[in-house]
Amino acid sequence: MVVYLVGAGPGDPELITLKAINVLKKADMVIYDRLANDEILKYAKDAEFIYVGKKAGSHYKRQDEINQILIEEGRKKDVVVRLKGGDPFVFGRGGEEMLALLEEGIDVEFVPGLTSAIGAPTSVGLPVTHRGIATSFTIVTGHEDPTKAKKQVKWNFNADTIIILMGVGRLEENMRELMKYKDPKTPVCVIENGTMPDQRIITGTLENITEKDIRPPALVIVGHVVDIFKKAKL
Ligand SMILES: C[S@@+](CC[C@H](N)C(=O)[O-])C[C@H]1O[C@@H](n2cnc3c(N)ncnc32)[C@H](O)[C@@H]1O
């Protein structure tokens, strides 16, 4: 009896790993969120499925409810797959699920996935580092939990490239925060539905990106690596 925490990659079903496919093939149960691409579920031919993501008109299951489902299924089934978009440990709450399972004495195995934070930009030729331009990158949430007692995100990053996930709802606030520390003309690239057929790429600067039509799910990439991407597209 084991629960695999599996990353499904950023969206394009060809960007899932061979290891993830092999684990899905032997799964008895797959517990999944809203995935960029449901085609991935077809590998789990012999499995039952539990959807724990958002349904139209209803709420997300709370994390403690999901943990409980994982524990119950982990006790009953031989091979349970907990499938998540990107990588489970990059803003995927994989750590919380792992700890909840281990506390109950349930074995957990890990299959990493290509995170959208890196896979979406690099799949279109947008490097996250570039010799002479960017020697570091930061991946940050653009939507820090407002109920937290103390804010953890400070926007005075040292990294050359900043990659913001869940950043559409608070784009204006986030850009304003970054402009306290960076030139307002710093280039910005937004990738909507990265690696998917309906992908959209929008470029601008810290001071004008909010004037554009941007819809989630999207990544916001800030830094001069965006100039390299633009050069490649010339
Ligand atoms: C809860 S986080 C999950 C991240 C995921 N674990 C990963 O590693 O990619 C969801 C956010 O990831 C980003 N995201 C995920 N898939 C994306 C895609 N295909 N294109 C653009 N952004 C994506 C968006 O910022 C979205 O709001």
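User: Into which domains is the protein chain divided?

Analyst: Happy to start there: the chain splits into domain 1 (2–114) and domain 2 (117–233), with bounds that come from an automatic or database domain assignment. This is a predicted model, where local features need pLDDT of at least 70 and side-chain atom pairs count only at pLDDT 80 or more, while totals for chains, interfaces and linings use all residues. Residues are numbered from 1 along each chain as its sequence is written, and side-chain values use heavy atoms, with hydrogens and water left out.

User: How many residues of domain 1 are in contact with domain 2?

Analyst: Contact means heavy atoms within 4.5 Å. By that rule, 8 residues of domain 1 are in contact with 9 residues of domain 2. The C-alpha centres of the two domains lie 27 Å apart.

User: Why is the ligand said to lie between the domains?

Analyst: Because domain 1 and domain 2 both give residues to the shell around the ligand, it lies between them. The shell holds 16 residues, and the closest are Val90, Thr115, Ser116, Gly194 and Ala218; a residue is near a molecule if one of its heavy atoms lies within 4 Å of it.

User: What makes the shell residues nonpolar, polar or charged?

Analyst: Ala, Val, Leu, Ile, Met, Phe, Trp, Tyr, Cys and Pro count as nonpolar, Asp, Glu, Lys and Arg as charged, and the others, Gly among them, as polar. Sorted this way, the shell has 9 nonpolar, 6 polar and 1 charged.

User: Why is Met166 called partly exposed?

Analyst: Buried means under 20% relative accessible area, exposed over 50%, and partly exposed in between (1.4 Å probe, protein chains only). Met166 has 44% relative accessibility, so it counts as partly exposed. Met166 also has a positive phi of about 55 degrees although it is not a glycine. It sits in the loop between β7 (161–165) and α5 (171–179); helices (H or I, at least four residues) and strands (E, at least two) are DSSP runs, numbered from the N terminus.

User: And Thr195: buried or exposed?

Analyst: Thr195 counts as buried because its relative accessibility is 13%. Its phi is near 70 degrees, again positive in a residue other than glycine, and its place is the loop between β8 (187–192) and β9.

User: Why does Lys77 count as buried?

Analyst: Its relative accessibility is 15%, so Lys77 counts as buried. Lys77 is in the loop between α2 (63–76) and β4 (79–84). Not counting residues up to four places away in sequence, Lys77 touches Met1, Asp28, Met29 and Glu48.
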